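Q: I have a structure open and would like to talk it through with you. Can we start with how the helices pack?

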Amino acid sequence: DYVNTWKDIIMPGVSDSSLVKGTWKPMGKRKHLIFFRGKLHSKDTDPQGHEVKRPLELRQALARDLGKKTRGEILVTDAVTNSASYAEEMRDSVFCLCPRGGTPWTRRVFDALLTGCIPVVISDDIEFPFEDFLPYDKFTIKLSEEQVVKRQDYVESTLREIPQASLEQKLEQIREVREVFLYDKGHALNGILWQLHRKKRRFTHSSTNFWT
């Protein structure tokens, strides 16, 4: 287990606040329907201390199914680019794929929200920050890891079937909530303090509390 939500809180990833400053493009004018740029392997160390590259199954499946379709409408690649170009690619995309890597948590969700791209979360066990008051199903999409690996057409066909009106509603929700994840404006910190306060109130059966 990576986290125990009974005692732990989930914090937003620390994303560059400049991601918010770019131009918010209407969905019909965005270049890419589906976007992912990231590593397809993790780096590990074997017992002899040598670096070993291990394939990330989920990301490998995305590259298998969508990488070969990479063109104007779909961009799925492991090629490296600079942060400014990466941010612009997200702004110019309707869906930003956010697959798990070595752990369920991924900062891509927050990068996508700040750039106005609908996060497509592919991480079964992920826990989100501020779930007590943020309806993630209203501004993100979550797909099954198993289905992504098993079905070659699953991601693209599922996303294409979502009605335009639903996507517009999700984008509007993103516009309303995205600054909650920013630290430099204090919103993320306020949310973290609120979560900590709730945890403190919940832990009434601790070793320092007594009652009859």
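Q: Which way does helix 2 pass helix 3, in a left-handed or a right-handed crossing?
A: In this predicted model, the crossing of helix 2 past helix 3 is right-handed.

Q: And what are the angle and the distance between the axes there?
A: Helix 2, which covers residues 83–91, packs against helix 3, residues 108–115, at an angle of about 70 degrees, and their axes are 8 Å apart. Angles of 65 to 115 degrees count as roughly perpendicular, so helix 2 is roughly perpendicular to helix 3.

Q: Which residues meet in that contact?
A: From helix 2 come Y86, A87, M90 and R91, and they meet R108, D111, A112 and T115 of helix 3. Sorted by class, this contact of helix 2 with helix 3 has four nonpolar residues, three charged ones and one polar one.

Q: What does V155 touch, then?
A: Not counting residues up to four places away in sequence, V155 touches L62, L66, L97, L143 and V148.

Q: Now P99, where is that, and is it buried or exposed?
A: P99 lies in strand 5, and because its relative accessibility is 0%, P99 counts as buried.

Q: What is P99 in contact with, once its neighbours within four places in sequence are left aside?
A: P99 is then in contact with F36, L58, R59, L62, T106, R108 and I122. As for S123, it is 24 residues from P99 in sequence, while the two are 5.9 Å apart in space, C-alpha to C-alpha.

Q: Last topic, the whole chain: how many helices and strands, and how much is buried?
A: The protein chain has seven helices and seven strands, and buried residues make up 43% of its 212 residues. Among contacts between residues at least 6 apart in sequence, 66% join residues at least 24 apart.

How values were computed. Residues are numbered from 1 along each chain as its sequence is written. This is a predicted model: local features need pLDDT of at least 70, side-chain atom pairs count only at pLDDT 80 or more; totals for chains, interfaces and linings use all residues. Side-chain values use heavy atoms; hydrogens and water are left out. Axes are lines fitted to C-alpha atoms, for helices over the stretch in contact, and angles run from 0 to 180 degrees between N-to-C directions. Helices (H or I, at least four residues) and strands (E, at least two) are DSSP runs, numbered from the N terminus. Angles under 35 degrees count as roughly parallel, over 145 as roughly antiparallel, 65 to 115 as roughly perpendicular and the rest as oblique. A crossing is left-handed if the near helix is turned anticlockwise from the far one by less than a right angle, and right-handed if clockwise. Contact means heavy atoms within 4.5 Å. Ala, Val, Leu, Ile, Met, Phe, Trp, Tyr, Cys and Pro count as nonpolar, Asp, Glu, Lys and Arg as charged, and the others, Gly among them, as polar. Buried means under 20% relative accessible area, exposed over 50%, partly exposed in between (1.4 Å probe, protein chains only).
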